[in-house]
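Visitor: Please give me a close look at one part of this model. Show me how that part sits against what surrounds it.

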Amino acid sequence: MSGLSKGGFSTRGRHCTGELWGVASDRLRDMEGVMALFESLLISHHFTVVGRISHAFPEPGGGFTGVFLLSESHASVHTYPEHGYAAVDLFSCGERDPAPPLKDLAAHLGVTPQLEVRSRGDQLQ
């Protein structure tokens, strides 16, 4: 795989992590709805979903964890309805920007995300 150019090194991927605060608790308990939304956003941004798994947690929290296996790497969501919070991430080993699907997910959930993108594998040859 060809890497992304960064300061003379080959970057093997970009990892975007996000904090979503202020999400309605009922949305964060809707595992099937959020997973379907996230999957459709990944596909619309030309990521290739090859598998997915999710697990719902019991009350009192009632959140869930969902993971997508992508040809490009992975994406995940972890919800905490009792805090109105979701942690999301997307690691892209290819040329695709990992931030837009997470921005779109946050917008659909009615919040503005706090995102951080970093290069991964910078010194791999």
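Guide: Helix H3 is followed by Gly-110. The phi of Gly-110 is positive, near 80°. Helices (H or I, at least four residues) and strands (E, at least two) are DSSP runs, numbered from the N terminus. The model is predicted, so some cut-offs apply: local features need pLDDT of at least 70, side-chain atom pairs count only at pLDDT 80 or more, and totals for chains, interfaces and linings use all residues. Residues are numbered from 1 along each chain as its sequence is written, and side-chain values use heavy atoms, with hydrogens and water left out.

Now the helix itself. H3 spans residues 99–108. It lies across strand E3 (13–21), E7 and E8. Against E7, H3 runs at about 160°. Axes here are lines fitted to C-alpha atoms, for helices over the stretch in contact, and angles run from 0 to 180 degrees between N-to-C directions. Contact means heavy atoms within 4.5 Å.

Which residues of H3 are buried? They are Ala-99, Pro-101, Leu-102, Leu-105 and Ala-106. Buried means under 20% relative accessible area, exposed over 50%, partly exposed in between (1.4 Å probe, protein chains only). Seen down the axis of H3, these buried residues fall within an arc of 165°, so they line one face of the helix. The arc is taken from the directions from the helix axis to the C-beta atoms. E3, H2, E7 and E8 are among the elements that cover the buried residues of H3.

Six strands form an open sheet in the order E4-E5-E6-E7-E3-E8, with antiparallel pairing. Two strands pair if DSSP finds at least two bridges between them. Strand E4 (49–56) and strand E8 (114–120) are the edges, each pairing on one side only. From one strand to the next, the twist averages 10°.

Helix H2 (residues 31–44) also packs on this sheet. H2 touches E4, E5, strand E6 (73–80) and strand E7 (85–92). The direction of H2 makes about 160° with that of E4.

E4 and E5 pair in the antiparallel sense over seven bridges. Ala-56 stands opposite Phe-64 in E5. Phe-64 is buried, with a relative accessible area of 1%. Setting aside residues up to four places away in sequence, Phe-64 touches a list of residues including Met-31, Val-34 and Met-35.
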